Amino acid sequence: ASKYEQRQSEVAAAASVITRQEIRAFGWRTLAEALASLPGMHTTYDRQYTYLGTRGFGLPGDLNTRVLLTINGNRVNDPTYDGGPAGREFPLDIDLVERIEYIPGPGGAVYGQNAMFGVVNVITRPGSQLDGGEATISYQHPDFQRAGRLSWGKLLDNGLDVVFSLSGLRSRGDNRFFDYPGSGSSGVATGLDGERDQKFFGRLARGPWSFDLLQSNRTKSDPTGSFFSDPLTSGQFVADRYALAQLQYQDKFAADTLHLTGRLFAGSYRFRSNLSFGTGVSFPAEAEWRGLELRLLSTAIAGHKLLAGIEAQDNSRTDQATLDHANPANDVVVRKSGYRIAFYAQDEWQIADSLSATLGFRLDRNDVTGTQVSPRAGLIWRTLPETTLKALYGRANRAPNAFESGYDDGLTLVRNASLGSERVDTFELVVDHRVSRELTVRGALYHWTMHDLITLGTEPASGLPQYQSGGKVMARGIELSADKIWRSGARLRVSLSAQHAVNAGGDQTINAPRLLGKLNWSAPLPIVGLLAGYELRYDSRRLTLDGTQSGGYSVSNLHLRSETLLKGLEVSLGI
């Protein structure tokens with residue numbers, strides 16, 4: 001949460017950790033499925049991408065721009081769309097995840113852009129844990145999905161930790177009925193929901209050095225006739241390609257009182273799509289970025305953990321285009337580049353044995369909106385050995401991305417040269433209490449206000465769509481959760497979240513369920529070594545764009561697995 005290791009009780013946030021054991025117990029196949037088990041999180045799927053809703057905020061069309069996703073600390077959100085991929089479009093196979101750290105609330109004081117409502121940091125498995133080769137195959141019905149993975153990892157005698165992995169997926173998809181009022185079209189989208197994914201991950205680590213390389217390529221057919229394209233037409237798709245690399249150095253000096261971290265990173269993102277409007281039209285986009293980060297953590301002064309860092313990112317390319325296959329004279333190409341540079345500092349101050357404070361800020365400057373400041377403050381009081389009380393405040397800023405601020409085709413979108421940043425201010429009170437060695441409970445009460453929200457509006461002169469800022473959204477909510485374990489190995493995790501978000505006029509925001517309920521139970525069964533995981537999720541009804549309510553629903557998942565049929569073999573069944 002502060003870019004260095006902390007105990008969960010010391011973190012200035014209601015942080016949660018999802019372990020590899022939980023991922024295996026419940027059979028989660030995507031990052032979004034795992035995150036959906038946490039308090040205050042809900043998901044939306046439009047048969048192209050999976051979207052995360054956090055604490056009452058989940059605007060349709062928002063490509064997870066307000067949640068920061070990282071892999072081993074390396075940013076995944078691209079500078080063109082700011083998108084945070086969370087479904088199958090996430091570029092890492094979930095079988096390679098050691099744990100998922102979720103830090104809710106504004107993380108802008110440390111992480112900067114996109115860390116508005118939370119930070120998700122995915123930690124990968126080391127080669128020493130694989131200790132050899134792994135092969136996985138799976139099949140899913142009724143969408144005829146086939147997937148496979150080959151991985152190899154080892155801690156070599158010379159101290160080099162190595163991981164290499166290749167995975168692939170192919171799915172026919174569901175054949176669903178669609179109706180398009182006003183167009184005269186309706187029917188079953190047969191064979192139009194297919195998907196193909198390929199992923200590669202490699203990691204080398206030795207001593208203070210580590211190097212990560214990740215590549216993925218996903219193509220998803222579009223059965224929905226999105227953006228008013230021709231319905232029930234084959235050949236329409238979206239495709240995403242990621243390439244991320246990171247070289248990192250971490251070491252300790254001065255009798256372990258000075259920790260140095262330096263990293264170089266680079267990334268590229270390629271988006272392709274093809275839609276039919278009588279003739280084929282494609283919407284390619286390319287992003288390339290590179291940068292560096294340097295940070296120092298000092299514990300030389302008694303009672304203080306002093307953190308300071310600088311981060312710079314050069315967005316060398318954020319190009320976008322609209323290409324008309326039948327009439328190239330209609331083509332539109334927008335070429336753009338930019339930069340971000342930041343300085344951040346924080347002091348974790350141990351005031352007394354039972355009282356600590358976290359104070360920090362981040363100064364961000366970019367080529368679009370100039371300079372913004374994101375402060376952070378937290379007071380953590382251990383009232384009893386079993387009880388911790390946290391009072392938290394944070395602010396995060398997000399500059400408009402290249403698509404929001406720079407794309408202009410004179411037909412579907414008009415550029416807004418004066419588009420400014422948006423910011424969120426959050427106040428939160430968290431209580432953690434350990435009832436016994438086997439039972440912990442948590443309560444979190446929060447209030448957040450979004451200022452100058454960037455949303456799609458209308459440009460007065462032309463009447464065409466344009467991204468504009470100035471909206472305000474306010475929300476308050478409460479999250480209650482409990483975690484119980486038994487000596488037998490059984491575990492029960494439950495949570496209940498009530499959230500209420502409204503715009504400046506007092507109207508309820510869209511796509512924001514008022515009530516979320518989660519139950520996750522896992523246990524060994526006395527039947528031929530079976531291990532069971534049962535999950536129950538409930539989302540209450542939510543307001544839609546046309547003013548109606550989509551009904552509430554529950555999802556019930558059962559996952560059974562066995563590791564005793566044959567040495568080294570794991571077999572699982574999910575329903």
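How many aromatic pairs does the structure hold?

Modeller: Happy to! Keep in mind that this is a predicted model. The structure holds 15 aromatic pairs. Take F57 and F117, whose rings are stacked, with 4.9 Å from centre to centre and 20 degrees between the planes. Those two values are given because a pair of aromatic rings is described by the distance of the centres and the angle of the planes. F57 sits in the loop between β3 (50-54) and β4 (68-71), while F117 belongs to the loop between α3 (108-111) and β7 (118-124), so this pair ties together parts that are 60 residues apart in sequence. Both F57 and F117 are buried.

Let us stay with the loop between β3 and β4, where R55 is also found. R55 lies over the face of Y446, at 4.5 Å from the ring centre. With a relative accessible area of 4%, R55 is buried, because the cut-off for buried is under 20%. Now look at the backbone: most residues other than glycine have a negative phi. R55, however, has a positive phi, near 50 degrees. N64 is found in that loop too, and N64 has a positive phi of about 60 degrees although it is not a glycine. N64 is buried as well, at a relative accessible area of 3%.

Finally, there is an aromatic cluster to find on your screen: Y81, Y242, Y269, F271, F403, Y407 and Y467 form it together.

Methods
Residues are numbered from 1 along each chain as its sequence is written. This is a predicted model: local features need pLDDT of at least 70, side-chain atom pairs count only at pLDDT 80 or more; totals for chains, interfaces and linings use all residues. Side-chain values use heavy atoms; hydrogens and water are left out. Rings of Phe, Tyr and Trp (its six-membered ring) pair if their centres lie within 6.5 Å; planes under 30 degrees apart count as stacked, over 60 as edge-to-face and the rest as tilted. Helices (H or I, at least four residues) and strands (E, at least two) are DSSP runs, numbered from the N terminus. Buried means under 20% relative accessible area, exposed over 50%, partly exposed in between (1.4 Å probe, protein chains only). A charge sits over a ring if NZ of Lys or CZ of Arg is within 6 Å of the ring centre and within 35 degrees of the ring normal.
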